[in-house]
Structures are given as C-alpha cells and as structure tokens.
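Reader: I've just opened this one and I'm new to it. Could you walk me through a few things?

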Amino acid sequence: MLNPTLMCDFYKLSHREQYPKNTQFIYSTLVPRSNKLYNYSNHVVVAGFQAFIKKYLINHFNNEFFNKSKNDVIEDYKRIVKFTLNQDDPKTAHLEKLHDLGYLPIEIHALPEGSIVKPGTPILTIENTHPDFFWLTNYLETIICTQTWQIMNSATLAYDLRNLLDYYAESTVGSKNLASIQGHDFSLRGMSSLESGELSAFGHLLSFKSTDTIPGITFAEKYYNANVENEFIAGSIPATEHSVMCANGDYESMNEYNMFYRLLTEIYPEGPFSVVSDTWDFWKVMTETIPQLKDIIMNRNGKMIVRPDSGDPVKILCGDPSAKTEYERKGAVEVLWDLFGGTITEKGYKLLDEHIGLIYGDSINYKRAKEICQKLKDKGFASINVVLGIGSFSYQFTTRDVHGFAIKATYAKIGNQEKLIYKDPKTDDGTKKSHKGRVCVFEDGSWKDGLYLHDWLNLQNKNQLTKIFENGKLLKETSLNEIRNRLNTND
C-alpha cells in the first residue's frame with residue numbers, strides 16, 4: 001500500500017520550508033469554482049467526504065503510517081525523494097514528529113453530504129490543530145481532491161437526471177414512484193479503475209435505486225452505514241449478454257426464437273429479466289420473434305424487458321421519421337404497444353402492458369435522456385415505458401475541472417498575527433479567484449468570507465460548515481438514507 005507521505009504531488013514536499021518562518025496555522029477551503037460542461041444546471045451535489053475520511057485519513061494513515069515502524073515509513077519516503085529530487089539526505093524531521101504524535105492534527109468542517117450548492121460555495125474547510133504541522137493542511141490537498149471530485153460529479157449528474165425523469169414521470173403518469181429505478185448504472189466497466197467505479201456508483205445511488213454496479217452497494221455499506229439486509233439500497237434483475245445469445249442462436253438464419261422461448265419458459269418462468277435483442281437483427285426480433293411468443297409473455301407472471309444496445313437510442317426507441325420501414329419509423333415503444341397494448345395513465349398517456357418493457361443502456365446522457373422522454377411524450381407515451389442505462393459515456397466523461405474543484409489556502413497565522421490570504425490572477429476571468437480569510441456558509445446557501453478568527457467564531461451558530469473530523473477521529477456519521485432524504489428524491 002502507498003505510504004501516506006507520498007500521496008501528493010511532488011511540489012507539496014517543498015512547501016513546508018517555503019512558508020514564512022513562525023507560520024503556525026494554515027486554513028484552506030475546498031470549492032467547486034465553475035460549471036464548464038453542463039448547460040442544464042448550475043449546482044453541485046456535495047458528497048464523498050465521510051468515505052474519504054474513513055478510508056484515507058483514518059484507516060490508511062493508521063495502517064500505513066502511524067501503526068508502522070517509523071524507520072520503515074521514513075526510509076520509504078527518503079528512497080523516493082533521494083532518487084527523484086536528487087536529494088542525498090532528504091529532510092524528514094517533520095514526518096518523524098508527525099509519526100511520534102500518533103494522529104493527524106487536522107480539523108475538517110464540511111457541509112452535510114447531500115447538500116446542493118452553487119459554484120463558488122465553500123463546501124469543506126481544513127486546518128491544522130497543532131502549530132508544528134501547518135504544512136499538513138495543503139499537503140493533503142491532492143488526495144482530498146482525487147477522492148472526492150468523482151463522487152460529486154456523478155452525484156450531480158445523477159441528481160439532474162433524476163429531476164428530469166421525475167418531471168416527465170409526473171407529467172405523463174401523475175406519479176414519480178418509478179423514477180427512482182428508471183436510471184440504471186451500467187458504468188463500471190468503462191471507469192478508469194475499480195475505485196473510481198465505486199466512487200461514481202455511490203454518487204449514482206444518492207438519486208437512484210437501480211444499478212448493475214455491485215461495488216457501489218458494498219461501498220455504501222462500508223462507509224455510509226447502509227445494510228442490504230435491513231434496507232433497499234439498490235437492485236437489478238437477471239439479464240443476458242451477447243455471448244449467451246450468440247452461443248444459443250443461429251447466425252446463418254439469425255433466428256433467436258429458441259433462446260427467447262427457453263428464457264421465458266425454462267430459465268425464468270416467472271419474475272423480471274432483460275434480454276439483449278440486437279445481436280444480429282433487432283427489428284427482426286421485434287417484428288418476428290417476439291410476436292410469436294406473445295401468448296407466453298402475456299400469460300407469464302413477470303416482465304420481459306427488451307434491450308436494444310446499438311444505434312441511435314432516440315431513433316430506436318421513439319422512431320425515425322426518415323427510416324424506410326414502418327416499424328423503424330414508429331420506434332420500439334410504439335411497436336410493442338401495437339403488439340401488447342397496455343393502459344392509459346391518469347395524465348392520458350399510453351403505458352405498456354406490465355408483461356413487457358424496454359431498457360436502453362448505450363450512450364445515454366442527459367441530452368439524449370431528455371430527448372427520449374420528450375419524444376415519447378409528444379407521441380402520447382408515458383416516459384416510464386423505458387428504463388435508461390447510464391454508463392461511462394456519462395459518468396466517466398468528466399474531470400475535476402468540470403466543476404473546478406480546488407483547495408486554496410485563505411487564512412494563515414504567522415507568529416501572533418492573523419493574515420487573510422487569497423489569489424486573484426489578473427489573467428483569469430475570475431473563476432480562479434479564491435475566498436479570503438475564514439468562511440461561513442449560511443442556511444440559505446449564501447456565504448461570507450474575509451473573516452478573522454474572532455468574527456468566524458461568533459458566526460458558528462449559523463455556520464452550515466460543521467466539524468466532522470478532528471485529530472484522527474470522525475466526529476459525525478451520516479448514512480446513505482440520510483443523504484438521500486436530504487436530496488429530497490421523494491422515493
């Protein structure tokens with residue numbers, strides 16, 4: 001496992017000696033400074049701090065630093081620095097002193113996870129609690145950003161998608177009840193690592209209860225007091241993939257009837273399941289195979305969910321007016337309606353019979369999700385006729401810079417003097433301007449900076465940035481359920 005003293009950028013190693021002599025305290029803020037990608041929202045969902053603190057500031061530092069031999073961790077640090085920065089005898093007294101202390105002398109205040117803020121709002125502050133370790137505050141910047149931006153990006157996108165699906169469900173059905181399972185996470189295989197997949201999947205789970213990313217569920221159990229035995233975290237259903245369809249099918253005739261029949265009568269005689277249907281010819285499946293199985297589908301106790309997996313999802317689901325065939329012009333939802341029928345919602349929209357459904361999980365993003373819902377509505381169909389799979393095309397197609405997450409020092413105590421510090425590059429458009437001094441965030445979402453310690457202390461009864469970590473200990477726990485409630489998804 002990585003030595004915690006090396007979980008940073010190289011330049012962090014040299015900052016301690018660059019601060020003014022007699023520096024005692026450094027106070028910094030974590031801020032989402034911008035919105036560079038999404039043009040449909042201007043907010044950020046706060047999430048991920050508790051997991052980061054438990055995993056790294058407590059478990060990792062204890063296991064890989066404080067509970068290890070001081071000589072071992074120091075020699076490991078020296079070896080890397082010696083042969084990369086050309087320092088024959090790297091200075092380590094500050095790290096040895098930290099090891100002797102036996103805990104991280106750091107205090108963290110943060111907004112409650114599940115809060116929704118505007119760009120520019122301080123969402124976390126960090127400062128040292130012992131004057132000998134002023135250098136530690138911003139030393140931790142790298143790992144804090146690395147471990148939190150992915151969760152917040154995915155949580156924000158999931159929140160926006162959930163609001164979108166809520167809106168269309170309410171306007172075409174009259175109820176949001178099924179929206180919580182209408183967004184399904186398919187992203188894991190496209191994420192940069194298992195850990196980034198866990199982080200993103202947890203962000204998804206703050207707004208949805210449908211996922212194929214199992215590690216997101218175990219992440220919630222490990223770090224957010226969730227328990228699949230006592231609560232519904234999220235679920236999925238059995239589903240086929242192309243390998244089993246190919247193995248059971250006949251490429252020469254492109255005949256998948258026998259596989260569909262076996263799925264319906266032998267493997268899953270009851271209950272829901274999903275079957276990928278574009279292995280060779282999706283429209284043949286829709287207009288030949290499925291019609292032959294209509295009676296079996298309608299008399300079965302459960303839903304068969306058809307999954308197209310290639311092409312333009314908007315055109316395949318909602319229809320392509322310029323297509324050659326009538327069924328392609330109608331789209332998959334209308335083709336299934338013509339075959340199976342269904343009911344009319346209280347809002348006057350068509351809802352497919354409960355024995356049949358659709359899920360589309362290829363290249364779905366916010367724009368396409370909105371277009372699908374709107375086109376279905378325009379055609380007189382309820383939005384919940386389709387489950388939308390959200391994959392790495394959406395969840396991995398982001399970076400830290402989407403919301404401009406950054407930690408910047410804003411306050412220092414040098415000797416007996418408090419100093420309010422900030423950056424404001426003239427060559428920038430204002431995005432990189434940092435806060436100044438200590439900060440408070442109020443219940444209405446507004447914030448105040450420019451505070452000296454005395455003024456800051458006087459505002460603590462109003463400050464929404466509450467202390468969650470101090471001197472190696474997590475002070476306040478929050479659960480997945482509490483975060484979901486805070487986001488007010490109205491499941």
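This is a predicted model: local features need pLDDT of at least 70, side-chain atom pairs count only at pLDDT 80 or more; totals for chains, interfaces and linings use all residues.

**A walk through the model**

Reader: What kind of aromatic pair do F282 and W283 form?

Author: Their ring centres lie 5.0 Å apart, with 70 degrees between the planes. Planes over 60 degrees apart count as edge-to-face, so 70 degrees makes the pair of F282 and W283 edge-to-face.

Reader: How many aromatic pairs does a search of the whole structure find?

Author: Ring pairs also link F202, F219, Y223 and Y224 into a cluster. For the whole structure, the search gives a total of 21.

Reader: Which strands are the edge strands of the open sheet of seven?

Author: The order is β15-β14-β1-β5-β3-β18-β19, with antiparallel pairing. An edge strand pairs on one side only, and that picks out β15 (417-420) and β19 (473-474).

Reader: What is the bridge partner of Y411 in β15?

Author: Strand β14 covers residues 405-414 and runs antiparallel to β15, joined to it by four bridges. For Y411, the partner in β15 is L420.

Reader: Which residue lies over the face of Y411?

Author: The residue in question sits 4.4 Å from the ring centre of Y411. It also lies over the face of W456, at 4.6 Å from that ring centre. It's R438.

Reader: At about how many degrees does helix α5 run to β14?

Author: Helix α5 takes in residues 141-172 and lies across β1, β5 and β14. Helix α1 (residues 49-66) also lies across β1 and β5, and runs at about 20 degrees to β18. For α5 and β14, the angle is about 140 degrees.

Key:
Residues are numbered from 1 along each chain as its sequence is written. Side-chain values use heavy atoms; hydrogens and water are left out. Two strands pair if DSSP finds at least two bridges between them. Helices (H or I, at least four residues) and strands (E, at least two) are DSSP runs, numbered from the N terminus. Contact means heavy atoms within 4.5 Å. Axes are lines fitted to C-alpha atoms, for helices over the stretch in contact, and angles run from 0 to 180 degrees between N-to-C directions. Rings of Phe, Tyr and Trp (its six-membered ring) pair if their centres lie within 6.5 Å; planes under 30 degrees apart count as stacked, over 60 as edge-to-face and the rest as tilted. A charge sits over a ring if NZ of Lys or CZ of Arg is within 6 Å of the ring centre and within 35 degrees of the ring normal.
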